[in-house]
Amino acid sequence: MPPTATQFTALVSSLPLQATQGEVFDRIASDVVLSSSLWANIALAGFSILLFVAMGRNLQSERAKLIWVAALLVPLVSIASYAGLVSGLTVGVLTMPPGHPLAGQEVLQPWGRYLTWTFSTPMILLALGLLAGTDRAKLFTAVTMDVGMCVTGLAAALITSSYLLRWVFFAISCAFFVAVLYVLLVEWPADAQAAGTGEIFGTLRNLTVVLWLGYPILWALGVEGFALLDVAVTSWGYSALDILAKYVFAFLLLRWVAANERSVGGADPLAGTTTTADD
Ligand code: RET
């Protein structure tokens, strides 16, 4: 017997990602804490784009320009990311699996965040790697491990079939993250020292490592993991981390590059420290 209209509505609304965009949009708009966490970033990303364009307009060397474009792409990706979230396009409604603290309940899942990190975080690493004067192999390692971290983090957030598998993907994502941390903490400091950018690299590396560690912690404490924090608070947590890890990071980087262009100017931006020292 085909389902009645009421049964059908109940069935559809219990399926993940099946709430209409309009419904999700209304739910976000009616939650002041949640929507302000998104709009604050749209405003800051817009401001950062204008500021960064102005800061980089006089750069001459190829490496400095590459760092600038990478830094500029961070708020550009961000504004698109947050516009996607606020519109409801990249926010789903998930029913959590048995075992999860909110098992059987429908929760809003702003999965677009994880998707767009796949594009923004490689830009942060590209800028840092260029600043450190690293080579292609290490840059490739950092960026691919980082993309692995974001994509498996997205999987962890979207799995509704098994609570265990959410954590399995969380662990896989953490393993990728360890590789990124290794490059940041072990490989690049030595490169930056050799390239003469050790001090600023050290500052930005510390900022990055400390803030990036906040993301998996928030995932574990938020609705995705142990659900100790609600959706709006989790969203503000990510937004606050984003403000520091993206706009403040990129601002400090660009300010330094604009004032010290000679220190980062090499003919081949990805030649590694040995070659660029001879340029
Ligand atoms: C997830 C959950 C799974 C485990 C790990 C994570 C790490 C995320 C990080 C995100 C950084 C994002 C930034 C965005 C700026 O645009 C995916 C939360 C390790 C480190 C800096």
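Leaving aside neighbours within four places in sequence, L131 is in contact with I67, A192, T197, I200, F201, L253 and V264. The model in which these contacts occur is predicted. L131 is also among the residues with the most contacts inside the largest nonpolar core, together with I67, A71, A127 and L253. This core has 70 residues. At least two core residues are supplied by each of α2 (21-29), α3 (32-56), α4 (62-87), α5, α6, α7, α8 and α9. The largest share, 12 residues, comes from α4. In soluble globular proteins, nonpolar side chains tend to be buried together.

The protein as a whole has 11 helices and 2 strands. Along the sequence these elements follow the pattern α-α-α-α-β-β-α-α-α-α-α-α-α. Of the 279 residues, 40% count as buried. Among contacts between residues at least 6 apart in sequence, 73% join residues at least 24 apart.

Residue L38 was examined individually. L38 is found in helix α3. L38 counts as buried because 24 C-beta neighbours lie inside 10 Å, the cut-off for burial being 20 or more. When residues up to four places away in sequence are not counted, L38 touches Y82, L85 and V86. The C-alpha atoms of L38 and S81 are 9.5 Å apart in space, although 43 residues separate L38 from S81 in sequence.

The protein averages a pLDDT of 91, and 88% of the residues score at least 70. Over residues 274-279, however, the pLDDT is below 50. Where pLDDT is low, the predicted coordinates should not be read in detail.

Note on methods
Residues numbered from 1 in each chain as written. Predicted model: local features only at pLDDT ≥ 70, side-chain atom pairs only at ≥ 80, totals over all residues. Core = buried A, V, L, I, M, F, W, Y, C linked by C-beta atoms within 7 Å. Buried ≥ 20, exposed ≤ 12 C-beta atoms within 10 Å, placed from the backbone. Helix = DSSP H or I, 4+ residues; strand = E, 2+ residues; numbered from the N terminus. Contact = placed C-beta atoms within 7 Å. pLDDT = per-residue confidence, 0-100.
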